[in-house]
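Reader: I am new to this structure and would like a close look at a single part. Could you take me through one place where two chains meet, and say how far the model can be trusted there?

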Amino acid sequence: MAEEAHSEGGLVFHPMDQFIVKPLFGHGPIEWYTPTNVTLWMGLAVLCVIGLFVLGTRGRAVIPSRIQSVAELAYGFIYKMVEDICGHDGVKYFPKIFTLFVFIIFTNYLGLLPMSFTPTSHIAVTAVLGFGVFFAVTLLGFYKHGAHFLGLFWMSDAPLILRPIIAVIEVISYFVRPVSHSIRLAGNIMAGHAVIKVFAGFAAIAAISPVSIAAIVAIYGLEVLVAFIQAYVFTILTCVYLKDALHPGH
Amino acid sequence: MEGDIASMGQFIGAGLAAIGSGAAAIGVGHVAGNFLAGALRNPSAAGSQTATLFIGLAFAEALGIFAFLVALLLMFAV
Amino acid sequence: MATESTADAAHGAADLGACVSETGSAIGMPQLCADWMPNQIFWLVVALVVIYFVLSRIALPRIGGVLAERKGTITNDLTAAEELKAKAVEAEKAYQDALARARTEAAKIVAEAKAEIQKDLDAATARADAEIAAKASESEKRIGEIRAGALDAVTEVAKDTAKELVAALGGKADAKSVTAAVTARLKG
């Protein structure tokens, strides 16, 4: 419907085609085990992670090589974040949080390559991440604190009359967390990629193609920033949720 | 499908939903501007609050993304 | 509308599934295509598990070890530097002490030498004084002798001259009276 509506003016917009999941081999239906472009780009992300964090730190040098110092920088960045927000007992969960961070940042950046595919632009992917964090954190909270974890919703310093109302709001906001957590990431990435595609569609008109190419460059620069910021935000919010589970009192 | 009153409604709805992105932009600008004002007043405390800044930006922006998502859903999925 | 497109796609390209049209473009939002979700979730879980095991088993302990080692090295180096600094301060103090000691030593030596020289000088002066005094008294004696000698000679000459004078004048001068007269004259 969209293409028919637009193709009349000579413009062809297919901003969503870049998100199509295709099988890597042949044209068969996509089963759950089929190797697809999702597999390919996630696999490339895994290879990048291995390249940076395993091969790059092969030397174990006290005076690091360039790649090793990048790996150390990432390690220190997330380690400090976890330690600052969750406290010392949160450091135990650092490898899991770091896994989320490197997965998101590498799929985001690989997705910025032309003709590539971005797994993090798919709500199915980010929802697994977001709801995974949500359930893990909630179960951890109940495991650590039992029923005291519900104190998270019961503001003991609010006036008594307001407490039930606040509790309802808190419960709703707690359950919206995974939705916003996952849709924020997918939405940002999808929006950026779709906007680039829309501007690329305008480039077909000779008169405005310089403007549209300049706009693509500008949006691309913004997307480079967004790719990092969204990985950062996803990680930092994971830390904040983890802190709520570890220390629900405050 | 052209001239279909339903698709007209779709597009109008998508356009209206896109206004939400602008509202989110106002919110993000507020967050960043207030952070900058505070940071200039007390630069020594600014460094420790960048995490808070990004969380605030993320919350403000998420709602804009929801509006954008509604627009996309109206355009492509309904 | 969506149902219509789905129906179109269904008889056009059955193997592409319900979310892609015959022309290969997306129908609706690919993000909402339920056919693809199990595939994405499966590969996501695989990727996450692989990354998690690679990181937690190999990479993170290694990086943590390197960081700890570096921290240790830096701390060690800092303590070593601190030690070296203390040593340097100590060495400087020892140097200053030695310098001061050498200075007092030198001053002592100088004073000693001065005293010795003074002593030598005094002795030499005394010796010279004594010598000078001896020489002076000797000279005086000689001068006295010479003076006495001269007096005698004058007396002799005066006697001789008086005798000659007397003889020349034709007188017969007896030596005794001439001598007496000359002596009397010389005394007077």
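Author: What follows looks at the interface of chain C and chain A, and then at the confidence of chain A. The model is a predicted one. The contact draws on 51 residues from chain A and 39 residues from chain C, and the area buried between these two chains comes to about 4,100 Å², with carbon and sulfur atoms giving 73% of that area. Of the area that chain C buries against chain A, 16% is supplied by Gln31(C), Gln40(C) and Arg62(C), which is more than any other three residues supply.

On the side of chain C that touches chain A, the residues divide into 25 nonpolar, 9 polar and 5 charged.

As for confidence, chain A averages a pLDDT of 87, and 95% of its residues score at least 70. Within chain A, confidence is highest in helix α4 (residues 94–111), at a mean of 95, and lowest in helix α1 (residues 2–6), at 42. Over residues 1–9 of chain A the pLDDT is below 50, although this stretch has 16 contacts in the model beyond near neighbours in sequence. Where pLDDT is low, predicted coordinates should not be read in detail.

Methods
Residues are numbered from 1 along each chain as its sequence is written. Chains are lettered from A and ligands numbered from 1 in the order in which they are written. This is a predicted model: local features need pLDDT of at least 70, side-chain atom pairs count only at pLDDT 80 or more; totals for chains, interfaces and linings use all residues. Side-chain values use heavy atoms; hydrogens and water are left out. pLDDT is the predictor's confidence in each residue, from 0 to 100. Helices (H or I, at least four residues) and strands (E, at least two) are DSSP runs, numbered from the N terminus. Contact means heavy atoms within 4.5 Å. Buried area is the accessible area (1.4 Å probe) that two parts lose on being put together, summed over both. Ala, Val, Leu, Ile, Met, Phe, Trp, Tyr, Cys and Pro count as nonpolar, Asp, Glu, Lys and Arg as charged, and the others, Gly among them, as polar.
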